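Have the viewer open as you read.

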Amino acid sequence: MKMDRWRASARRILKLSSRPDRAPRSAPDRGNPARYGSLHCSGRSCRGTQFYFGHQQPLSVHLREREFASGASFIQSRWFGSMATKIQRNPKFATINSDDIRYFTDLLGDKNVIQDEDALLAANMDWMRKYKGSSKLLLLPRSTEEVSQILKYCNSRCLAVVPQGGNTGLVGGSVPVFDEVIVNLGSMNKVLSFDEVSGILVSEAGCILESLVNFLDSKGFIMPLDLGAKGSCQIGGNVSTNAGGLRLLRYGSLHANVLGLEAVLANGDVLDMLGTLRKDNTGYDLKHLFIGSEGSLGIVTKVSILTPPKLSSVNVAFLACTDYLSCQKLLLEARRKLGEVLSAFEFLDEQAMDLALNHLEGVRNPLPALHKFYVLIETTGSDERSDREKLEAFLVHSMEEGLISDGVVAQDIQQASSVWNIREGIPEALMKAGAVYKYDLSIPVEKIYDIVEEMRNKLGHSARVVGYGHLGDGNLHLNISCPQYDDAVLAQIEPFVYEWTSKHRGSISAEHGLGLMKADKIFYSKSPAAVQLMASVKNLLDPNHILNPYKQLQELIEHNLMVKSNAIVGKWSSSPCRYQSEHWLSSLGDVIQHLISAI
Ligand SMILES: Cc1cc2nc3c(=O)[nH]c(=O)nc-3n(C[C@H](O)[C@H](O)[C@H](O)COP(=O)(O)OP(=O)(O)OC[C@H]3O[C@@H](n4cnc5c(N)ncnc54)[C@H](O)[C@@H]3O)c2cc1C
C-alpha cells in the first residue's frame with residue numbers, strides 16, 4: 001500500500017525549473033538600517049518596521065529591568081543562557097559626549113548618526129528579544145573610509161563598539177551589553193562586481209543575503225549559503241558568524257567559499273584581503289581569522305565570494321521515519337545513492353513539527369498522520385530525468401529497507417515551498433510558543449538525538465524539548481521551550497548540556513557563534529592553548545579591546561585569566577571527557593570568584 005503511494009508520488013515528481021521560490025519565512029525585516037533614519041515610532045513599538053510579531057507580549061514581560069543605575073547588569077542569560085553572570089560595565093571605556101556627536105555628525109552627516117531613543121530600540125535588542133543594550137548612538141557608515149574614521153576615533157577615545165549587520169544573530173553578539181556605539185553596515189549595500197565566468201561576486205558587507213540571492217538569480221547563479229534569516233541578515237554578518245545554514249552539506253562552509261575580504265581594524269587601519277583568486281599560497285591566509293570572529297577583530301566591509309551556478313532541476317521530498325536510527329541510515333543511504341545531487345538533508349522531531357503546525361500561519365502537515373521524525377531532502381542537479389530517476393530509486397529502496405514510513409515528493413514549486421516553510425519556520429514557531437532556551441550543537445551524528453532524549457528525561461513535564469537541525473552536517477538545534485523563563489529549569493539544563501557535548505567531543509556552537517550567551521563557555525570546546533593563542537590575536541589586533549566587548553574571550557582577557565585558565569578552570573584531557581575538572585566551574589563568574597579566593 002505504502003509502496004504504491006510512493007511509486008505514485010514518484011511518478012508525479014515535477015521537474016522544477018528552478019529552486020523553489022520559497023516564500024521567505026525570514027527574520028522580520030527590522031534590521032535594515034536604511035530604515036533607521038525614517039522610523040515612525042510611538043512609545044516602545046515602532047510602526048514602519050515589523051519589529052514585533054503581533055501576538056507577542058510587550059517587551060517588559062520578557063525582559064527583567066537591568067540595573068544600569070548601579071553600573072551592573074544581570075545579563076538576560078540568567079534565564080536563557082549561562083548561570084547568573086553579573087557583568088560590570090568596564091570603566092575604562094569612555095561615555096559618549098557632545099564632542100563625539102559633533103565629530104560623527106561632521107563625518108557621516110546628521111541622518112546617519114542616530115540618537116533617537118525609539119529609533120535605537122531595534123538596534124539595541126536582538127531578534128529573540130532576550131538581550132537588550134542601552135546604546136545611545138547608532139552610526140550608519142556608507143564607505144570603508146567612514147568605517148575607518150569611526151574606528152580610529154573610537155579607539156583614540158576608548159569608546160566601545162558593536163559591529164552590527166542584520167541583527168538576526170541568536171547568541172546576543174550583535175547588540176550592545178551597555179552603552180557601546182553600534183556601527184551598522186546596512187548602508188554599505190552595493191554589489192561591486194560579478195564575474196559571470198568564474199561566478200565570483202564582490203559586494204559590500206551590508207548587502208542583505210536575500211538581495212544577493214535575487215541579484216545572482218538574474219545571472220543564473222546562487223549563493224553558496226541559505227538560511228531562514230536571509231531576508232534580514234547581511235553578508236558581512238554571515239561571514240562574521242561563519243553562518244552554516246541549509247546548503248553547507250553541498251557547498252561547504254564560508255571558509256571554503258569566501259575568497260577574500262576587506263576589514264577595518266580597531267585602530268582604523270584598512271586590511272585589504274579582497275582577493276578573487278581560488279588559489280593563493282603566499283603566506284598566512286589572514287581572511288580566515290575574520291570568518292567567524294563575531295566582530296571581535298575588525299569590521300568586515302567587503303566580501304568576495306565564490307557562487308555556484310543555478311542548476312535546473314530541484315526536487316524536494318518530505319519523509320517520515322519511525323526512529324532516529326532510521327534517520328541516520330537514511331542519511332548514509334542518501335549520501336550513497338544521491339551523491340552529487342544531494343543539496344540538503346534536514347531533520348525535525350515530532351515536537352518541532354507540532355510547534356510548526358500550531359504556531360505558524362498557513363503551515364500544514366503534508367502527510368496524513370503524525371510521525372516521530374521527519375527528514376527533508378532536497379536534490380539539485382542539471383539533468384532532470386536522471387535526477388528524478390535517482391531520487392525515485394532512492395525512495396523506493398529506502399521504503400523497502402524500512403527506513404521511511406511515509407513521505408511525499410513536492411509536485412510543484414508551491415508544495416516544495418510549503419515543505420521548506422515547515423523546517424525554516426521552526427525558530428519563529430519556538431519564539432511564538434513562549435520562552436526558549438536555545439542550543440546549537442555539533443555532535444557526531446550517531447549521538448545527536450541522545451542529548452534530546454536525556455534532556456527530556458531530565459526535565460520531565462517542566463518543559464518541552466525540541467530537536468531539529470542540519471542532520472547532514474551533524475548539527476543539532478536543541479531547544480527547550482517553556483511558558484516562561486525559569487531559573488530552576490535553566491539550572492537543570494546548564495552546565496549539563498555543555499558537559500555532555502564536551503564529553504562527546506562535540507562543539508557547543510556549531511554555527512551561531514559564542515556571542516554573549518556563551519562568552520565564557522569556550523573551554524568546553526577548545527583547549528586552553530588554543531584559547532590562549534586566540535587571546536594573543538585579539539590583543540594584537542584590538543589592544544584596547546574596544547570591539548564587541550564582554551563577548552567571546554573578552555572577559556577572560558580583561559581579567560588576565562588566560563594563562564592561568566588551565567590550572568584554574570580544569571585539566572584538558574583527550575578522553576573520554578575533553579574537559580575535566582574536579583571543581584567544575586560553569587561560568588566566568590565562578591572563574592573570577594575562584595581566582596580571587598586563590599590569591
Ligand atoms: C529565523 C532564523 C534562522 C537562522 N538560521 C540560521 C542558520 O540556518 N544557520 C546559521 O548559521 N545561522 C542562522 N541564524 C542566525 C543568524 O541569522 C546568522 O548568525 C547570521 O549570519 C547573522 O547575520 P546578521 O547580518 O544578522 O549579523 P548580526 O546578527 O547583526 O551579527 C552577528 C555577529 O556578527 C558581528 N557582525 C555583523 N556584521 C559584521 C561586520 N560587517 N563586521 C564584523 N562583525 C560583524 C556582530 O558583531 C555579531 O557578533 C538564523 C537566525 C534566525 C533569526
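Two strands pair if DSSP finds at least two bridges between them. Helices (H or I, at least four residues) and strands (E, at least two) are DSSP runs, numbered from the N terminus.

## Ground rules

This is a predicted model: local features need pLDDT of at least 70, side-chain atom pairs count only at pLDDT 80 or more, and totals for chains, interfaces and linings use all residues. Residues are numbered from 1 along each chain as its sequence is written.

## The sheet and its helix

Let's start with β7 (161-164). Four bridges join β7 to β8 (residues 181-184), and the two run parallel. Across that pairing, Val-162 stands opposite Ile-182 in β8.

Zoom out and you get an open sheet of four strands, ordered β5-β6-β8-β7, with mixed pairing. β5 (113-114) and β7 stand at the edges with a single partner strand each, so one side of each has no neighbour in the sheet.

Helix α6 (residues 144-157) lies across β6 (138-139), β7 and β8, running at about 165° to β8. That angle is taken between N-to-C directions on a 0 to 180 degrees scale, with axes fitted to C-alpha atoms, for helices over the stretch in contact (residues are in contact if their C-beta atoms, placed from the backbone, lie within 7 Å).

The largest share, five residues, comes from α8. In total 37 residues surround the ligand, the closest being Gly-165, Gly-173, Gly-236, Gly-237 and Gly-295; a residue is near a molecule if its C-beta atom, placed from the backbone, lies within 6 Å of it.

Domain 2 (33-184) and domain 3 (191-306) each supply at least three shell residues, with bounds from an automatic or database domain assignment. The shell splits into 14 nonpolar, 21 polar and two charged residues. Here Ala, Val, Leu, Ile, Met, Phe, Trp, Tyr, Cys and Pro count as nonpolar, Asp, Glu, Lys and Arg as charged, and the others, Gly among them, as polar.

Which peptide bond is cis, with omega near 5°? The one from Glu-494 to Pro-495, and Pro-495 is in the loop between α18 (487-493) and α19 (496-503).

Arg-129, in the loop between α5 (117-124) and β6, has a positive phi of about 60° despite not being a glycine. Asn-548 has a positive phi too, near 45°, in the loop between α20 (528-541) and α21 (554-558). Buried means 20 or more other C-beta atoms within 10 Å of a residue's own, exposed means 12 or fewer, and partly exposed is in between, with C-beta atoms placed from the backbone. Arg-129 has 18 such neighbours, so Arg-129 counts as partly exposed; Asn-548 has 29 and is buried.

Terms used:
Two residues are in contact if their C-beta atoms, placed from the backbone, lie within 7 Å.
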